Amino acid sequence: HMAYDPVTKRLFVAALENGSVEVLDLESGRRVQSISGLRHPQGAAVVPTRGCVAVACGGDGMLHVYDTRSLQEQQVIEVGPDADNVRYDAKADTVLVSFGSTNSGAIAIYEPRTWTRLREIRFNSRPESFQLEPAGERVFANLPKGVRAVEDGSVAVANRSDGQTRAMIPLAGRVRNFPMAFDAAHERLFIASRRPARLIVIDTRQNAVVAEAPCTDDSDDLFYDAQTGRVLVIGGGFRPDLQAPGSASPCSPPGEMGALDVFSVGASGEL
């Protein structure tokens, strides 16, 4: 995962296997610094009101906060097991961090001046990617029940002001839904499942699946480009140990190669 700071023109990259955050200057195309000594850094988000970047580490469940200019560590906060995705809520000036285990999980909400934990949104499994409704109060969270799950996945719709879950969107026959992106203008969620490998479109006004299409295997992240109306899915590297024999997606390259799938989205959400 990565986070960009438009003030310093720096990109902060969570290098999980290297145990570091790599700080890149996008104007010069050079690495500014490698912040090492982290235990599986996963999520990152820039907090523009405080001039800092928050990095969640899955190895020890800690959230590390660094000044975006000096790169000095400002604070370390204990979040919970397998701390993962981080989002900044500009509407409320809060920071949200997901954490948990296979059977329980939550999104913790922090006030970034003192890093006080305001509340939690609780789920029956660890949330993976989650997205915020910019003009409203909703948060959408993927609940895949783990990397080896065989049960149907789901998407939770919660209110981030009171921490209450408002709806659950079942993904019948779709397992291991990890990445997510939100098209706020058209109120559409884009989800990718790994088994089978599908890009799924959800209408958030109805909380219902409206379209889907095959995509690359082992999807790890996806993005919606509002300017072009396209969805980009990162994946590939089909791993037969995680799927049934012969079930590789026709969209995936052979072997351990990666892929970037690009989809156009129609007016009604069709792919």
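Residues are classed as buried under 20% relative accessible area, as exposed over 50%, and as partly exposed in between, with a 1.4 Å probe and protein chains only. The structure is a predicted model, in which local features need pLDDT of at least 70 and side-chain atom pairs count only at pLDDT 80 or more, while totals for chains, interfaces and linings use all residues. Residues are numbered from 1 along each chain as its sequence is written, and side-chain values use heavy atoms, with hydrogens and water left out.

The protein chain contains zero helices and 23 strands. Helices (H or I, at least four residues) and strands (E, at least two) are DSSP runs, numbered from the N terminus. The radius of gyration is 18 Å, close to the 18 Å given by the globule rule for 271 residues, so the chain is as compact as a globular protein of that length. This radius is taken over C-alpha atoms, and the rule is 2.2 Å times the number of residues to the power 0.38. Along the principal axes, the C-alpha atoms fill a box of roughly 50 × 40 × 35 Å. Of the 271 residues, 54% count as buried. Contact means heavy atoms within 4.5 Å. Among contacts between residues at least 6 apart in sequence, 39% join residues at least 24 apart.

A nonpolar core is a set of buried Ala, Val, Leu, Ile, Met, Phe, Trp, Tyr and Cys residues joined through side-chain atoms within 4.5 Å. The largest has 19 residues, and L63, V79, V86, V95, V97, Y110 and W115 have the most contacts inside it. Two or more residues of this core come from each of β5 (41-47), β6 (52-57), β7 (62-67), β9 (86-89), β10 (94-100) and β11 (105-111). Apart from this core lies another, of 15 residues, among them A192, V231, V233 and F263. Residues up to four places away in sequence aside, V86 touches G43, A44, A45, A54, A56, L63, V95, L96, V97 and F130.

The largest pocket holds about 1400 Å³ of space. On a 1 Å grid over the protein atoms alone, a pocket is an open set of points with protein on both sides within 12 Å along at least five of seven lines, where a 1.4 Å probe fits; lining residues have an atom within 4 Å of a point. The lining has 45 residues, of which H1, N85, R87, S129 and D221 lie nearest the pocket centre. β5 gives the most to this lining, with six residues. The lining divides into 25 nonpolar, six polar and 14 charged residues.

S219 is found in the loop between β20 (208-214) and β21. S219 is buried, with a relative accessible area of 0%. Leaving aside neighbours within four places in sequence, S219 is in contact with F178, P179, A192, S193, R194, V233, I234 and G235.

Most residues other than glycine have a negative phi, and most peptide bonds are trans. R195 and P196 are joined by a cis peptide bond, with omega about -10°. P196 is placed in the loop between β18 (188-195) and β19 (197-203). L71, in the loop between β7 and β8 (73-78), has a positive phi near 65°. L71 is buried, at 7% relative accessible area. D93 lies in the loop between β9 and β10 and has a positive phi of about 50°. D93 is partly exposed, with a relative accessible area of 23%.

Terms used. Grid points are joined across faces, edges and corners, and a volume is the space filled by probe spheres set on the points. Ala, Val, Leu, Ile, Met, Phe, Trp, Tyr, Cys and Pro count as nonpolar, Asp, Glu, Lys and Arg as charged, and the others, Gly among them, as polar.
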